[in-house]
Amino acid sequence: MERLREGGCACGAVRYRLRSEPLFVHCCHCLNCQRQTGSAFVINLLIESDRVELLGDRPNPIDTPGDGGSTQRIYRCPTCQVAVFSEYGRPDVWFVRGGTLDEPASVTPDVHIYTRSKVSWLTLPEPAPAFAAYYDIKALWPPPSFERLERLRRADPVEVPGAGVEPARPARGHPILSRARMTSFATPAGRTLATRRAEEPPAGSAPGRGSDRRRGSP
Ligand SMILES: [Zn+2]
Ligand SMILES: [Zn+2]
């Protein structure tokens, strides 16, 4: 039987229950997520928004600027302002913040993304797929999850503004939302952590936050 996870904000006004397993679980090391959480990374459970059952107050959507002109809609408790979900262009997929689960340890990331801005003191577990930026969803997601996403896309083929216009700027956001962007940011399927490490610049030569920001990193 599937376990129905629950979570909520700090004051308890916002409570939610996930009606199914998530589509996929991201650990995102991008600079936007670092800034928004005040931490080194965020854990996001990607799930259809209609599978998130709200048990208390409705969280407020706040459009939050990211680097490179991107916008992320973050849902916050109207009372304590803790962020519980966010959206990246598709309102039918929510990114539930893993730290707001009642049992945050009940999820393990399926993928680490934007590791080019990962803090250097953090060593990722070897088996976890990791990508310097984004990745090819179709290559990595279990087929049932990919089919769930395809159902959403067939029902609402959302195009993110600017999709495909700036393929040379892969850092603008989390491009789950559009095929065009996903394609332009895709990392070759099957790339392993070992190969990723081989491509990373040696420790100490990674660009700092300032230079990354100028490049428009999320
Ligand atoms: Zn609250
Ligand atoms: Zn991120």
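Two residues are in contact if their C-beta atoms, placed from the backbone, lie within 7 Å of each other. Keep that in mind for the views below, which come from a predicted model: local features need pLDDT of at least 70, side-chain atom pairs count only at pLDDT 80 or more, and totals for chains, interfaces and linings use all residues. Residues are numbered from 1 along each chain as its sequence is written, while chains are lettered from A and ligands numbered from 1 in the order in which they are written.

**View 1. Ile47 and its contacts.**
Which residues does Ile47 touch, once you leave aside its neighbours within four places in sequence? They are Leu18, Pro22, Leu23, Val52, Trp94 and Val96.

**View 2. The whole protein, for orientation.**
Counting up the secondary structure gives 6 helices and 10 strands. Of the 218 residues, 36% are buried; that label goes to a residue with 20 or more other C-beta atoms within 10 Å of its own, whereas 12 or fewer makes it exposed and anything in between partly exposed, with C-beta atoms placed from the backbone. Take the contacts with a separation of 6 or more: 62% of them join residues 24 or more positions apart.

**View 3. The largest nonpolar core.**
In soluble globular proteins, nonpolar side chains tend to be buried together. A nonpolar core, as used here, is a set of buried Ala, Val, Leu, Ile, Met, Phe, Trp, Tyr and Cys residues joined through C-beta atoms within 7 Å. The largest one has 20 residues, and those touching the most other members are Leu46, Ile47, Val84, Phe85, Trp94, Phe95 and Val96. S9 is the top contributor, with 4 residues. Another core lies apart from this one; its 15 residues include Val42, Ile113, Phe131 and Ala132.

Strands of a sheet pair through backbone hydrogen bonds, either parallel or antiparallel. For two strands to count as paired, DSSP must find at least two bridges between them.

**View 4. Strand S4 and its partners.**
Is S4 mostly covered or mostly exposed? Mostly covered: 6 of its 7 residues are buried. Strand S3 (residues 24-28) pairs with S4 in the antiparallel sense over 5 bridges, and Phe24 stands opposite Leu46 there. S4 also pairs with S9, again antiparallel, over 5 bridges. Look for Glu48, whose bridge partner in S9 is Val93. S9 in turn pairs with S8 in the antiparallel sense over 2 bridges, with Ser86 opposite Phe95.

**View 5. The sheet of three strands.**
This open sheet runs in the order S1-S2-S5, and its pairing is antiparallel. Strands S1 (6-8) and S5 (52-54) are at the edges, each with a single partner strand, so one side of each is left without a neighbour in the sheet. S2 and S5 pair over 3 bridges, and Leu18 stands opposite Val52 in S5.

**View 6. Two loop residues with a positive phi.**
Most residues other than glycine have a negative phi. Gln81, in the loop between strand S7 (71-76) and S8, has a phi near 70°. Tyr114, in the loop between S10 and helix H2 (137-140), has a phi near 55°. Gln81 counts as partly exposed because it has 13 C-beta neighbours inside 10 Å, while Tyr114 counts as buried because it has 27.

Pro65 lies in strand S6 (residues 60-65). With 10 C-beta neighbours inside 10 Å, Pro65 counts as exposed. Asn32 is 33 residues from Pro65 in sequence, and their C-alpha atoms are 8.9 Å apart in space.
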